[in-house]
Amino acid sequence: MFQVITRSTPVIRLLAPRGAVLVEAVRGRKTRNDPKAKSKEGRIKTPPPVDPVEMVVLRERFTEYDLIMRALRLEFKEEMLRKRYEEEVGSLAEERAKQEAEEHRSLMTWNQEENLRMLKIRELRVQKEVEAAEVKKTEAAILREQTMEIFVKEKGEEIMQIQEEAKSFINMENLDQRIEEALDNPKNYNFAIDKDGRVVKRTVLQ
Amino acid sequence: MVHLSSFLLKTYHGGHIVIRLAMAGHKQSNRPFYRIVAAYNKRARDSKYIEQLGSYDPLPNINNEKLVSFNSDRIKYWMGCGAHPTKPVAKLLGLAGFFPLHPMTVTEAERCRALAEGAAPEEVDKQQEL
């Protein structure tokens, strides 16, 4: 009837006598439908007795106390509001605002000066860079010209060489003469070489 | 993983602010220690508070003193913002002099004195009888 299933049923609880209320220790162990304990069956709960004289005195004291507390509360509220007001609007706040504004102004001017200085430095640097670039350009041009000259010279030399070689080319007129010459002078390209590098040109004659 | 429950509990507060005693986390020991704390009314006693305003040690120390501390500036601020102190806090601060003396302290003292005076003449009578 009164058994309530708990979340965890330890062994001790299971061994408890039947009819007992098995609930974990929670406020309000018994519901209003559970029977009262035997020792408490005829009990009538009465509030503690009030002494009328003491009650009168107490009431007076409480009214006084409440009055003082209300007054204190208003005082504290006023103080708090005043403090907040002073924080935001008071003389100190104005001074602080002024100081901050001054600081801001000085910092802005300093920033301007820095900017100007950096501008000048940048101008100089940019100018130098431009000059350096120009110098580089001219140098590059000179180099190019020089290389061109060298190239042209080399090519000219080659042409001269080839022209000179062209004199000993075989033309239609030289053809017969050259054939005669080649047949008259047999060249022997055979040779023997040793592992030590010794060359022997004299071979079996044709 | 963000805990969404804290987001849900954060901004809604239908209740008011109270200055009360919260037990300070020594759960395992037989040694209570309270913090005087400004918290929302509906929060659990020991859970997250708005600001700690002091402490109260209910067990007397070597010199038989119970130590209480409180930050009067912040208490004034919170009272001005509309916080309500609970009865024990009001009693403590009354004894400290920050608030007026709570009526119940006076009445309890009177009751104790009456009991003591009631007990002392009885003892005197008993001794006289003997």
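This is a predicted model: local features need pLDDT of at least 70, side-chain atom pairs count only at pLDDT 80 or more; totals for chains, interfaces and linings use all residues.
**View 1. The open sheet of chain B.** Here you can follow 5 strands of chain B, arranged in the order 4-3-2-1-5 with mixed pairing. At the edges sit strand 4 (68-70) and strand 5 (84-85) of chain B, each of which pairs on one side only. Helix 2 (residues 72-81) of chain B packs on this sheet and touches strand 1, strand 2, strand 3 (51-56), strand 4 and strand 5 of chain B. The direction of helix 2 makes about 125 degrees with that of strand 3 of chain B.

**View 2. Strand partners within the sheet of chain B.** In chain B, strand 1 (residues 17-23) and strand 2 (residues 34-40) are antiparallel partners, joined over 7 bridges. To find your way along this pair, look for Arg20(B), which stands opposite Val37(B) in strand 2, and for Met23(B), which stands opposite Tyr34(B) in strand 2. Strand 2 of chain B also pairs with strand 3 of chain B, again in the antiparallel sense, over 5 bridges. A handy landmark there is Ile36(B), which stands opposite Gly54(B) in strand 3.

**View 3. The contact between chain A and chain B.** Chain A brings 14 residues to this contact, and chain B brings 21. About 1600 Å² is buried between the two chains, with carbon and sulfur atoms giving 67% of that area. On the chain A side, keep an eye on Tyr65(A), Arg73(A) and Phe76(A): these residues supply 38% of the area that chain A buries against chain B, more than any other three residues. The count of residue pairs in polar contact between chain A and chain B is 4, with both residues at pLDDT 80 or more. The side of chain A that touches chain B is made up of 8 nonpolar residues, 6 charged residues and no polar ones.

**View 4. Salt bridges between the chains.** Over all chains the count comes to 10 salt bridges, and between chain A and chain B it is 3. One of these links the side chains of Glu79(A) and Lys76(B), at 3.7 Å from N to O. Arg111(B) and Glu54(A) also form a salt bridge, with their closest N and O atoms 2.9 Å apart. Arg111(B) belongs to helix 4 (residues 103-129) of chain B and Glu54(A) to helix 2 (residues 52-89) of chain A, so this pair joins two chains.

Note on methods: Residues are numbered from 1 along each chain as its sequence is written. Chains are lettered from A and ligands numbered from 1 in the order in which they are written. Side-chain values use heavy atoms; hydrogens and water are left out. Two strands pair if DSSP finds at least two bridges between them. Helices (H or I, at least four residues) and strands (E, at least two) are DSSP runs, numbered from the N terminus. Contact means heavy atoms within 4.5 Å. Axes are lines fitted to C-alpha atoms, for helices over the stretch in contact, and angles run from 0 to 180 degrees between N-to-C directions. Buried area is the accessible area (1.4 Å probe) that two parts lose on being put together, summed over both. A salt bridge is a side-chain nitrogen of Lys or Arg within 4 Å of a carboxyl oxygen of Asp or Glu. A polar contact is a pair of N or O atoms within 3.5 Å; within protein, one must be able to donate a hydrogen and the other to accept it, and residues adjacent in sequence count only if both atoms are side-chain atoms. Ala, Val, Leu, Ile, Met, Phe, Trp, Tyr, Cys and Pro count as nonpolar, Asp, Glu, Lys and Arg as charged, and the others, Gly among them, as polar.
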